[in-house]
Amino acid sequence: MFETTIAGSLPKPGWLSETQKLWPQWKLEGAELAQAKKDATLLWLKLQEDSGIDIVSDGEQSRQHFVHGFLEFVKGIDFKNKVKMGIRNDRYDAMVPVVKGKLKLKGRVHAIEAKLARAHTKKKLKITMPGPMTIVDTIADKYYGDKVKLAFAFAALLNQEARALERDGVDVIQFDEPAFNVYMDDVKEWGIKALERAAQGLKCTTVVHICYGYGIKANLDWKKSLGSHWRQYEEIFPALSKSKIKQVSLEAMHSRVPLEFIRLLKGKDVLLGVIGVASNKVETPAQVAALISKATKYVPKNRIFPCTNCGMAPMNRDIALRKLRALSAGAALARRRFS
Ligand SMILES: [Zn+2]
């Protein structure tokens with residue numbers, strides 16, 4: 001009961017890349033960089049285990065950014081001539097690469113970190129990838145000419161890598177879809193279908209992570225504009241509950257999402273965000289346990305997995321670590337309360 005996990009990313013050590021940045025530059029290159037990525041992956045595996053996290057991840061130490069870490073392995077994309085594009089419905093501008101030909105994987109994407117992590121932990125292992133809709137919202141297209149076609153082209157590639165990760169022994173494959181909170185009509189029309197295409201044939205646990213973004217200024221400003229009740233989940237959860245995806249990772253702590261919306265995820269496991277990533281204030285175990293208790297009013301206890309609201313990549317490393325400890329201490333407190 002109340003097995004803990006994290007949304008995915010963790011801060012990179014200062015010897016690997018710039019810190020507290022969403023798009024950090026690597027500090028090394030070539031073979032040295034490859035080794036440093038592995039070392040950072042092992043470091044975070046150990047720290048997650050020591051913090052008491054039950055379902056651990058590679059912490060996304062091998063990728064520069066959660067979307068582009070996948071795109072770098074795709075043929076048909078021009079990374080040299082990036083264009084400026086407003087993303088997440090123009091919430092912020094990003095320099096994005098351009099699709100210029102038929103998409104194809106160059107080879108394995110996350111094999112190195114997945115196999116390394118698998119060899120060094122006996123805990124359940126999660127690997128995350130961007131979801132098709134979020135990818136399409138983070139790239140310009142001069143080839144497919146149609147958003148849905150482009151999304152399904154990416155979904156096929158995600159599926160190819162996901163199946164390989166499953167063969168590597170990964171227990172949980174998560175697709176990150178922050179765009180689901182932005183384009184709710186598209187989610188119902190084709191977003192969930194594209195997601196199911198990405199997860200097709202997988203026997204391992206599948207998750208979709210839907211959040212209100214990292215704690216960067218553009219997201220904080222956007223959240224201010226959403227009013228006192230964030231109702232995006234209310235629109236998409238009923239459709240998601242009918243999907244083939246087994247778990248939904250969502251934001252709850254310090255969030256204006258009415259918690260009762262999780263009731264709409266009938267039949268799904270809920271990865272309950274009990275740790276905020278937008279503030280450096282570390283939650284107390286009592287706060288975490290209280291939120292878990294509240295969630296049990298709406299979702300059966302055995303379907304609740306305490307988690308972080310979102311990735312911690314841009315956070316201070318020590319604060320992230322203290323938050324992991326609060327997550328697991330809070331879950332332990334809730335377990336004692338309910339056992
Ligand atoms: Zn997120």
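Predicted model: local features only at pLDDT ≥ 70, side-chain atom pairs only at ≥ 80, totals over all residues.
Seven strands form an open sheet in the order 1-4-6-7-8-9-10, and their pairing is parallel. Strand 1 (55–57) and strand 10 (304–308) stand at the edges of the sheet, and because each has a single partner strand, one side of each is left without a neighbour in the sheet. From one strand to the next, the twist averages 30°.

**Strand 6 and its two partners**

- Strand 4 (residues 124–130) pairs with strand 6 in the parallel sense over five bridges, and within this pairing Lys126 has Val172 of strand 6 as its bridge partner.
- Strand 6 (residues 172–176) also pairs with strand 7 (residues 205–210), again in the parallel sense and over five bridges.
- In the pairing with strand 7, Gln174 has Val207 as its bridge partner, while Phe175 has Val208.
- Between strand 6 and strand 7 the chain passes through helix 6 (residues 184–198), and the β-α-β crossover made in this way is right-handed.
- In a regular strand the side chains alternate between the two faces of the sheet.
- In strand 6, Val172, Gln174 and Asp176 point one way, whereas Ile173 and Phe175 point the other way, and all of these residues are buried.
- Since five of the five residues of strand 6 are buried, this strand is largely enclosed by the rest of the structure.

- Together with helix 9 (residues 285–295), strand 9 and strand 10 make a right-handed β-α-β unit.
- Ile304, Pro306 and Thr308 point one way from strand 10, whereas Phe305 and Cys307 point the other way, and all of them are buried.
- Although strand 10 has a single partner strand in the sheet, five of its five residues are buried, so strand 10 is largely enclosed by the rest of the structure.

**The zinc ion**

- The zinc ion is coordinated by His209 through NE2, and by Cys211 and Cys310 through SG, at 2.1 to 2.2 Å.
- Along the sequence, the donor residues of the zinc ion follow the spacing H-x1-C-x98-C.
- His209 and Cys211 are both buried, and for Cys211 the relative accessible area is 3%, which is why this residue falls under the 20% limit for a buried residue.

Technical notes:
Residues numbered from 1 in each chain as written. Heavy atoms only, no water. Pairing = 2+ DSSP bridges. Helix = DSSP H or I, 4+ residues; strand = E, 2+ residues; numbered from the N terminus. Axes fitted to C-alpha atoms, helices over the stretch in contact; angles between N-to-C directions. Donors = N, O, S within 2.8 Å, 3.2 Å for Na, K, Ca; no water. Buried < 20%, exposed > 50% of the residue type's maximum accessible area, 1.4 Å probe, protein only. Right-handed = clockwise from strand over helix to strand, strands pointing away.
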